[in-house]
Amino acid sequence: MITLYDQENINRLYNDIDNIFSENLKKASEETNNKLNEFFGVCECNTKKISSRDISGWIFENVVRIGLRQELKNLGYNPDIITPQYTLKYNDSELEKVQKRKIDLKIGDKILVEIKGFGLFYDYNSDKVKYQRIKDEAEKQKFNYLCILKKGEKEPKNKDSIDYRGDAIILFGKENCFFLDDPNEDNWKNFVKRVSEILKQETK
């Protein structure tokens, strides 16, 4: 499949924007401290709590969403079939109370996508349960559940370490999990190809 973009230029765009935000986040933090000191004579606000990880995740999500809109348009699909921040509703009312959350993207009627800048499992045990529950419910509702990551957690150093990357692949399935730091694959193209394949099935 010929795509408009590849893994390399998607990553380059992300890195360029992320560098801009990182530089300005540092400046904003310094200016905030200066203003607090100037006004109160003291600064008790730790502006370092403004997370560059959160900003970077938001940047990556937007790069993926906008890039995918362009790819789908180029392939003849209406880019408006992409819905950001989709709330998956659970058929189990008790589970709905504790599990209701937003999925980063809904594409058409059969695709849900998680977009992660720094790996899938922030809190390994709880996140693994959370994503498994989402996958189970998504599949009940006939959704394909995909995940695209800027980079995955490192491979385990020894047999007792957690294989975060491997667990993400097991959870989503190799055909539905895409790491953009893979030196052996162009996973942007693979991601677009997978989305296109599912959309074709949807229109049959």
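Is leucine 105 buried or exposed, and what is its relative accessible area? Leucine 105 is buried, with a relative accessible area of 0%, where buried means under 20% relative accessible area, exposed means over 50%, and partly exposed lies in between, as found with a 1.4 Å probe and protein chains only.

**View 1. The whole chain as a predicted model.** This is a predicted model, in which local features need pLDDT of at least 70 and side-chain atom pairs count only at pLDDT 80 or more, while totals for chains, interfaces and linings use all residues. Residues are numbered from 1 along each chain as its sequence is written, and side-chain values use heavy atoms, with hydrogens and water left out. The chain has six helices and five strands, which are DSSP runs numbered from the N terminus, with helices being H or I of at least four residues and strands being E of at least two. Read from the N terminus on, the elements follow the order α-α-β-α-β-β-α-β-α-β-α. Of the 204 residues in the chain, 42% are buried. Among contacts with a separation of 6 or more, 69% join residues 24 or more positions apart, contact meaning heavy atoms within 4.5 Å.

**View 2. Confidence along the chain.** The predictor's confidence in each residue is given as pLDDT, from 0 to 100; its mean over the chain is 82, and 78% of the residues reach 70 or more. Among the elements, helix α3 (residues 93–99) has the lowest mean pLDDT, 57, whereas strand β4 (residues 144–149) has the highest, 96. Where pLDDT is low, the predicted coordinates should not be read in detail.

**View 3. The surroundings of leucine 105.** Leucine 105 lies in strand β2 (residues 102–107). Isoleucine 82 is 23 residues away from leucine 105 along the chain, yet the C-alpha atoms of the two are separated by 6.7 Å. When neighbours within four places in sequence are left aside, the contacts of leucine 105 include Arg65, Leu68, Thr83 and Pro84, as well as Ile111, Leu112, Val113 and Ile115.

**View 4. Helices α4 and α5 side by side.** The axes of helix α4 (residues 124–140) and helix α5 (residues 164–172) come within 10 Å and cross at roughly 15°, the axes being lines fitted to C-alpha atoms over the stretch in contact, with angles from 0 to 180 degrees between N-to-C directions. The two helices are therefore roughly parallel to each other, a description that applies to angles under 35 degrees. On the α4 side, the contact is made by Tyr124, Lys128, Tyr131, Gln132 and Lys135, and on the α5 side by Tyr164, Asp167, Ile170, Leu171 and Phe172.

**View 5. The buried residues of helix α5.** In α5, the buried residues are Arg165, Gly166, Asp167, Ala168, Leu171 and Phe172, and these pack against β3 (111–116), α4, β4 and β5 (177–179). Just after α5, glycine 173 takes a positive phi of about 95°.

View 6. Glutamine 85 is found in strand β1 (residues 82–87), and although it is not a glycine, it has a positive phi of about 55°. Glutamine 85 is partly exposed, with a relative accessible area of 36%. Lysine 142, found in the loop between α4 and β4, is another residue other than glycine with a positive phi, near 65°. Lysine 142 is exposed, with a relative accessible area of 57%.

Technical notes. Parallel < 35°, antiparallel > 145°, perpendicular 65-115°, else oblique.
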